[in-house]
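Please look over the sequence and the model before reading on. The text below is meant to be read beside them.

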Amino acid sequence: MTDLSSAPSRMGRFVETTAAGERVRSFVPQPLPPVPPIDVLGLLDRLSQAERALGRLDGITMLLPRQELFLYMYVRKEAVLSSQIEGTQSTLSDLLQFETEAKEGQPIDDIREVSNYVDAMMYGLERLKELPLSLRLIREMHARLLQGGRGATKDPGEFRRSQNWIGGTRPGNALYVPPPVTELDDCLRALENFMHEEQSRLPALIKAGLLHVQFESIHPFLDGNGRIGRLLVTLYLCVQGVLRKPLLYLSLYLKTRRADYYRLLQEVREQGAWEAWLEFFLKGVEETANQAFDAATRIIELFKHDREHITAESERAGSALRVHELLQTQPYVTSNQLVERTGLTAPTVNAALADLKRLGIVEEVTGRKRGRVFAYHGYLAILNEGTTPLQGSS
């Protein structure tokens, strides 16, 4: 293996290595923080707007009647979006119906991948209570992300032991070739050190942006790097106390700006253009936090409006309100599940559903006589924004 350059340290270096029988140039990033240092002053406006948007989001989640409910749904939305970037065609409705066991005949691998992402994310958040953000935690989450389905053959929970590449049909025509296996341990050790260092005194949001790119450049797994790399941002901000609840997810922003995202990653590697990336990243944090704030506000309003509508107009307000409350935690539901979870009788549940349908709050989505599924469509409309699968994704 030959070192091909002694480029400025911001840009890392290229080494020649063999992958799939071809000699290729693979990139080894320099340890963080970048040298020369990040121009934080030039990013201050963006940084303060992003921090303000995050503070507002954190504030409204404290006002939500049931924070865990918003989190439950929001995590699922992020899982769908993050998986769509990787090419799955599942929608949020597919996932929710799958979890309700309401839908058959779906491309099960797609939905399992999204479901695994939810599992990996919730596991990581829970595990942070007893384990620091670390390579060990990242590996444990990766094992859960790739369990079953298509990822099961891609060494779940293990850093790669062979060369990978991004874009192209083979290493020789790849868009990007990450570090060779011989450099992987050093790169990962430096990444973990940067997670915990305090000497640089960089703001947490800037560090989160740097960590994301570095993880993507190292690409330490055979599969699932993008999803874990996006998750790393939110976990890091939670650990740093920037977020009390894990409600910042950048996948919708990155999904709609994929070309810019990949271009900026390459420019960091090829030109050391960290500031341009951070400008883009901080704008994404601000936009994403504002979208989540807006969604939370509209969900609070919707629940309140529908409660008042039921109270004023329903012929059986007591049971209809019970059903409405359950629909807030499970926007797709069968009448049998409602009987089981509300303690109401089947005739009472069916009468309440008929009433909610008459009021325009629920709709039946199967068209069947038996095993019918009811959807809280106003709630789903807010959650579904931006979750149409990407056209032409593979």
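The structure is a predicted model, in which local features need pLDDT of at least 70 and side-chain atom pairs count only at pLDDT 80 or more, while totals for chains, interfaces and linings use all residues. Residues are numbered from 1 along each chain as its sequence is written, and side-chain values use heavy atoms, with hydrogens and water left out.

The domain assignment divides the protein into domain 1 (13-295) and domain 2 (314-384); such bounds come from an automatic or database domain assignment. Between the C-alpha centres of the two domains the distance is 36 Å. Contact (heavy atoms within 4.5 Å) links 12 residues of domain 1 with 14 residues of domain 2.

The size of an interface is often given as the accessible area lost when the parts come together. Here the buried area (accessible area, 1.4 Å probe, lost by two parts on being put together and summed over both) is about 1200 Å², and carbon and sulfur atoms give 59% of it. On the domain 1 side, α2 (67-85) and α3 (92-99) each supply at least two of the residues that touch domain 2. Helices here are DSSP runs of H or I with at least four residues, strands are runs of E with at least two, and both are numbered from the N terminus. By class, that side of domain 1 has 7 nonpolar, 3 polar and 2 charged residues. Nonpolar means Ala, Val, Leu, Ile, Met, Phe, Trp, Tyr, Cys and Pro; charged means Asp, Glu, Lys and Arg; the others, Gly among them, are polar.

Within helix α7 (residues 204-218) sits E216. Is E216 buried or exposed? E216 is buried, because its relative accessible area is 6% and buried means under 20%, with exposed over 50% and partly exposed in between (1.4 Å probe, protein chains only). Leaving aside residues up to four places away in sequence, E216 touches Y176, N225, G226, G229, Y261, L265 and R269. The C-alpha atom of L265, 49 residues from E216 along the chain, is 8.4 Å from that of E216.

The loop between β3 (22-28) and α1 (44-63) holds P33 and P36. The peptide bond from L32 to P33 is cis, with omega near 0 degrees, and the bond joining V35 and P36 is cis with omega about -5 degrees.

A20, in the loop between β2 (13-19) and β3, is not a glycine but has a positive phi of about 50 degrees. A20 is exposed, with a relative accessible area of 66%.
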